[in-house]
Structures are given as C-alpha cells and as structure tokens.
Amino acid sequence: MFDDFLLRTLQPSSHDLGGFKVHRTLPNKERTMVGPFIFFDQMGPAQLLPGAGIDVRPHPHINLSTVTYLFDGAIGHRDSLGSDLVIEPGAVNLMTAGSGIVHSERSPSDVRPQGPTLSGIQTWLAMPEALEEIDPAFEHVPAEALPVIEGRGATARVIMGDLWGQRAPTTTYAGTIYADIALEPGGSIPIDSSAEERAVYCALGEASLEGMPLEPQRLYILKPGIAATLRSTSGGRVMLCGGDAFATPRHVWWNFVSSRRERIEEAKRAWKAREFPAVPGDDLERIEIPEIPKTVSYP
C-alpha cells in the first residue's frame, strides 16, 4: 500500500556533539538530493547545562545556500559580510555562499547562564550552475513575514516557495518548497503535489502519512504527483521539503558543494592559505580543514 506514494525512506546518521545530538538524513548513500536540498540536519531538542552553549567557529562555504530554522532556542549568526544577528524560532536565516563566505554560529551570551535550549533544522541548498558563483549574501526573514496556513488542527508556516496558495518572501534560486507543519492532536493537512520532488520529516512528536506512521528523524521521499495527507493522533511537528530535480550532479567535500570538482579543490587551497575573508568580531578562531580524503559526487 505504502509503495503507492512512497519512493524511499532515508535513515539518519546521528552524532552526539556534547550536550546535544544532530541527526543527518542528507546527504545519504541511498538518495542524496531532494530538489535542491543536499544537506538536512536536525539539531536537538536539547537543554544544555548552565554556562554552556554551542560554539561553531568560523568556517567557509561555496556554491550553496544555508537555511537555518529553529523550533526552540536562539543562535547568534556572524559572517564575513558583517552580518550579526540572532535567529529565533519561526524566523529564517538564508545565507548564500556563492563565490565564498565564512560564518560562525554561537549561543548568545545572554542565554548561556541559565543553560540554552536548542531545537531546529539546518539545511543546505545546492545552487543552479549559472548561479554558483554569485556574490555572497545574507537574508533574515522574521517569523511574522512568513505565510501561515491554519485549519483542521494544523498550522503550516511556508518557509520557502509556493504552498497551499501562499508564497514565502524568502529568496529562492531554484524551484524550492519548504514548510514547518505543526499538527495538534487529531489534526491533518494535505501535502501539495505540485513539486517535482518532495519529502516529509517528522521532527517532533507523532505523525502519519496516509496511515503510515512516520518514524522520527527519517526522511520519507514521496512519488511525484501523488496526493497525500498528514495526520497526527497526539500532536507532532513535520517538515516538508523539495522542489525541482537537478539535472547535473553535485560534488560535496566538507562544507563545500559545487558542480565542479576543481572548484572544491580551489576552495580547499584558499581556506588553507587563509584567503577567505574574516568574520568581523569573530576572527580569532576558525575550523581547520579536516582530513577527509574523498570528494563525493551526488546526482
């Protein structure tokens, strides 16, 4: 029965980062992109110890855009463009790496004494080849600027693209859909069938799709054009993502994504040579190049 609407289920790799877990479903050896989405991480949920916090030191990206979206907590973002902003639940941070950007992510100082909370999703979106080398950019879209659809015990916030007749103001570089769906006990919502590639992910609580229970931290890839309805008995939080399929493969190495292997090699050389720009106000630390021997290609 479930084969009628389901293409594949991706299992996560989970990592304990000291106080909180990260569950990664993309990239995956079985399926590595859904629309432009090439990286899909869930952070937490976690309650960190008093005085603790996350400290992701400055590191580089090229030829992609990152999307940070929180359910709970706060993350301070700084980048080499001079952006300095705290992202909070329901808002969107879209950072376009383009030809190259450096950023850091840290718990704000005012939430550290009591012990920060952390819960959310971070994704990377591959860029169309013609746009990979555009100028880097940063965009913050507050929660109140994003469309919200309510009804039948469901509240859906459109993060990117067109869904349920509403369009998010967030910039997109390729056909993209992305939404946060909160289901109350007994709630339901139909999944838009217009996107070429779609996947659903149960981040919190409980949900089912056409009667199939969704295991937490699994990415369920749907068949094109198939209509389906999400439901929850006890309440849950589900992410919907996808968009247009990419016709050409992408190569991934560490924080670098590109359609060209040689571009990744150049980025590796430039980071080692300290040729990327610094992050104003956070230029005393950085993450060094890891020992990863192989660049991976993803169709």
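His-61 sits in strand β5, and His-59 belongs to that strand too, which covers residues 55-61 (strands are DSSP runs of E, at least two residues, numbered from the N terminus). This is a predicted model, where local features need pLDDT of at least 70 and side-chain atom pairs count only at pLDDT 80 or more, while totals for chains, interfaces and linings use all residues. Residues are numbered from 1 along each chain as its sequence is written, and side-chain values use heavy atoms, with hydrogens and water left out.

So how exposed or buried is His-61? At a relative accessible area of 1%, His-61 is buried, and His-59 counts as buried as well, at 5% (buried is under 20% relative accessible area, with a 1.4 Å probe and protein chains only).

Now look at who surrounds them. Setting aside neighbours within four places in sequence, His-61 is in contact (heavy atoms within 4.5 Å) with residues including Met-95, His-103, Trp-124, Asn-255 and Phe-276. On the same terms, the contacts of His-59 include His-103, Glu-105, Asn-255 and Trp-271.

The side chains of His-61 and His-59 are joined by a polar contact of 3.4 Å (a pair of N or O atoms within 3.5 Å, one able to donate a hydrogen and the other to accept it; residues adjacent in sequence count only if both atoms are side-chain atoms). A polar side-chain atom of His-59 also lies 2.9 Å from the backbone oxygen of Arg-57.

Both histidines turn up in the UniProt "binding site" annotation, from an unreviewed entry, together with His-103 and Glu-105; such annotations may be inferred rather than shown by experiment. The set spreads over 47 residues of sequence yet clusters in space, with a largest C-alpha distance of 13.5 Å.

Note on methods
Helix = DSSP H or I, 4+ residues; strand = E, 2+ residues; numbered from the N terminus. Buried < 20%, exposed > 50% of the residue type's maximum accessible area, 1.4 Å probe, protein only.
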